[in-house]
Amino acid sequence: MALDYITAGESHGPQLTAIIRGVPSGLALTAEEINLDLARRQGGYGRGARMKIEKDTVQIRSGVRKGITLGSPVTLVVENRDYQVWIDQMAPEPGPLDDRKVVTRPRPGHTDLAGALKYNHHDARNILERSSARETAARVAVGAVCKRMLEEFGVTIYSHVINLGGITVDARGMTHDEIRQAAEASDFRVARPDDESRMKDLVDHAKSEGDTVGGVYEVVVLGVPIGLGGTMNWDEKLDARLAQGIISCQAIKGVGFGMAFDVASTPGSGVQDPIGFDATSRGEVVGGTASGRGPTGGFYHMSNNAGGIEGGLSNGEPIIIRAAMKPIATLMKPLASVDLHTKEPFEAVRERSDVCAVPAAGVVGEAIVAFILAKAFQEKFGGDSLAEMRRNYDSYVEYLKAW
Ligand code: EPS
């Protein structure tokens, strides 16, 4: 069965749930590994009070026995601690609602207005509870499972922030390992710590103004073999699928690969990546090393402006994806809105929120990318069991070597 998942759960409901189907049998998986990524998602300078309330941990409820996947659906549960505070308003049992907590002044930029009209909810809380970025905790848990699968094939993923509210970080000249280590140690998940104090000032200033801050993160995938995805049909293309996944994340408004939008203002000779051949690296599996190239049978590109994908197929170079996050829509100095019932002009509702969540969004981006790549991996190599995937993968690498 093709790898797929669904998430469920309201931000202040009892729990977030994810069910993943199509995880191959025989994969070693523990809650502790998933928890590492859940903790990474909770970090970053500029988060709101909710992150102090929650300590996200996963419970594996199906699909795993004694630390090994069974091939059956994997159910992951992350409880919301804050539910205890919201139980009166959010419990599934019938009962009255507190009028003071009903949301009728939609926030510009959020789903409140269109969602309320579409689903016929006169309390926009019924929309915002699900559209909240809290849902990304479930996606990060799914991504951690997918990362585990990819690791078995030498594929690793990291992210770092390259623009925070207009302050850009230039990581050129740094190795993958250096960028990854610096980002993990940084409150802004940036490669160069010298940029952090200006970012902190920017976020503090926005907070004092009741405003919010966006930015751009980059996800990098190392060790991807040549030929994942599809070039024959629109919905098989790897970049198209990654773009859909990335854009589906709350507040993400733009996505690009490699040099991204700069392709539009650069001549073709400065955009396309010249091809070379190195017989010594035939069949090399080098995920995590300096070049980050996966198995290609010795073919390589002399630059990586394409970000590892040409014509909808991985080309073996590191996959590099950039995503632009808009500033969070919930403002403490709210913009103009209209009451859903009276139609009178009002300021939009104030909800507790983050001032800046770009570093966390990068961790979510890793998870999204992990899922899409794991799915593409399974399409190419089969996947009832990890052993079957490995046989098919090894045979593909042998085929590339013999080309
Ligand atoms: C989030 C949980 C939410 C928000 C934020 C991210 O919790 P609460 O609404 O209780 O503060 O902090 O969600 C949003 C930015 C949003 O617009 O919904 C989380 O777990 O990441």
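Which residue lies over the face of tryptophan 86? Lysine 101 does, at 5.7 Å from the ring centre. The views below come from a predicted model, in which local features need pLDDT of at least 70, side-chain atom pairs count only at pLDDT 80 or more, and totals for chains, interfaces and linings use all residues. Residues are numbered from 1 along each chain as its sequence is written, and side-chain values use heavy atoms, with hydrogens and water left out.

**View 1. Charges over aromatic rings.** A charge sits over a ring if NZ of Lys or CZ of Arg is within 6 Å of the ring centre and within 35 degrees of the ring normal. Besides lysine 101 over tryptophan 86, arginine 390 lies over the face of phenylalanine 153, at 5.6 Å from the ring centre.

**View 2. The aromatic pair of tyrosine 5 and phenylalanine 371.** The whole structure holds 11 aromatic pairs (rings of Phe, Tyr and Trp, the last by its six-membered ring, with centres within 6.5 Å; planes under 30 degrees apart are stacked, over 60 edge-to-face, the rest tilted). Tyrosine 5 and phenylalanine 371 pair edge-to-face, with 4.7 Å centre to centre and 85° between the planes. Helices (H or I, at least four residues) and strands (E, at least two) are DSSP runs, numbered from the N terminus. Tyrosine 5 is partly exposed, at 21% relative accessible area, whereas phenylalanine 371 is buried, at 9% (buried is under 20%, exposed over 50%, partly exposed in between; 1.4 Å probe, protein chains only).

**View 3. Helix H10 against helix H11.** H10 and H11 (residues 386–401) pack at about 75°, with axes 9 Å apart (lines fitted to C-alpha atoms, for helices over the stretch in contact; angles run from 0 to 180 degrees between N-to-C directions). Phe377, Gln378, Lys380 and Phe381 in H10 meet Glu388, Met389, Asn392, Tyr393 and Tyr396 in H11, where contact means heavy atoms within 4.5 Å. One aromatic cluster includes Phe377, Phe381, Tyr393 and Tyr396, along with Phe153, Tyr399 and Trp403.

**View 4. The surroundings of aspartate 211.** Aspartate 211 is in the loop between helix H8 (196–208) and strand E9 (215–222). Its relative accessible area is 38%, partly exposed. Leaving aside neighbours within four places in sequence, aspartate 211 contacts Ala206, Leu331 and Val355. Its C-alpha atom is separated by 24 Å from that of arginine 322, 111 residues apart along the chain.
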